[in-house]
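Work through the exercises below with the sequence and the structure open beside you. Each task is followed by a solution that goes step by step.

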Amino acid sequence: MRTAREVFSEHGYERTTFREIAERAGLTRPAVNHYFPDKASLYRSLFDSARDVVVQAAVARAGEQRTLAGQLGAFLDAATQVDSQDRSFAKFMAASVLDGFRHPQLQDSAQRQIDQVREFLRQALAAAIDRGEIRADIDLPAVTEMLVAVLWGMGLYAGFLGTHDQLESVVAVLSRLLEGTLW
């Protein structure tokens, strides 16, 4: 699965082949086909794995916090922890969103992944409004989308631009910004 995430991230859905995945993983092509009948089913499995390992785990960890800054910080910390163990998740998640919108057969998987993050953010913001942490007159949909963009951008940064140490520094600074202690 790690090798498949890496190959799809490097070449995109269209140019990735079972042959390359098998060769890089030290397997035969029929061995890959034994578990995945086609490229789309392998890709969907990778989406599901990323959602389970990164998004659902981060949402669960965020749910343990009592403040918006704590929830967002815990979400980011959980994603960063996954990145420290396997950098292929961030790279795949960033690249797969693009592939999901380029290929209609993958769009549902990409949209579910984004929608899960969007719903977590919307609920966290709404709860923060209810607690009086943030102003009640904010444009909730716009703030939610801004945070979706920030988190997706951080995933892109984690996967393709920065090192893990740089990612940890960026997450720490963003957490301070969210807590209101950066400036």
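**Exercise 1.** Determine which helix gives the largest share of the lining of the largest cavity, and describe that lining by class.

*Solution.* H8 gives the largest share, seven residues, where helices are DSSP runs (H or I) of at least four residues, numbered from the N terminus. This is a predicted model, in which local features need pLDDT of at least 70 and side-chain atom pairs count only at pLDDT 80 or more, while totals for chains, interfaces and linings use all residues. Residues are numbered from 1 along each chain as its sequence is written, and side-chain values use heavy atoms, with hydrogens and water left out.

Next, take the cavity as a whole: on a 1 Å grid over the protein atoms alone, a cavity is a set of points where a 1.4 Å probe fits but cannot get out, and its lining residues have an atom within 4 Å of a point. The volume of the largest cavity is about 430 Å³, counted as the space filled by probe spheres set on the points, which are joined across faces, edges and corners. Its lining has 25 residues, and Val54, Met93, Leu151, Trp152 and Gly155 lie nearest the centre. At least two lining residues come from each of H4 (39-62), H5 (68-85), H6 (88-102), H7 (104-131), H8 (140-161) and H9 (164-179).

Finally, sort by class: 21 are nonpolar, three polar and one charged, where Ala, Val, Leu, Ile, Met, Phe, Trp, Tyr, Cys and Pro count as nonpolar, Asp, Glu, Lys and Arg as charged, and the others, Gly among them, as polar.

**Exercise 2.** Identify the residues that line the second largest cavity, and the helix that gives the most to this lining.

*Solution.* The second largest cavity has a volume of about 50 Å³, and Leu72, Leu76, Leu147, Val150, Leu151, Leu174 and Leu178 line it. By class, the lining has seven nonpolar residues, no polar and no charged.

**Exercise 3.** Decide whether Arg15 is buried or exposed, and find the side chain that a polar contact joins to Arg15.

*Solution.* Arg15 lies in helix H1 (residues 2-15). With a relative accessible area of 59%, Arg15 is exposed, since buried means under 20%, exposed over 50% and partly exposed in between (1.4 Å probe, protein chains only). The side chain of Arg15 is joined to that of His11 by a polar contact of 3.5 Å, a pair of N or O atoms within 3.5 Å of which, within protein, one must be able to donate a hydrogen and the other to accept it, residues adjacent in sequence counting only if both atoms are side-chain atoms.

Notes. 1 Å grid on protein atoms, 1.4 Å probe; cavity = no way out; pocket = protein on both sides within 12 Å on 5 of 7 lines; lining within 4 Å.
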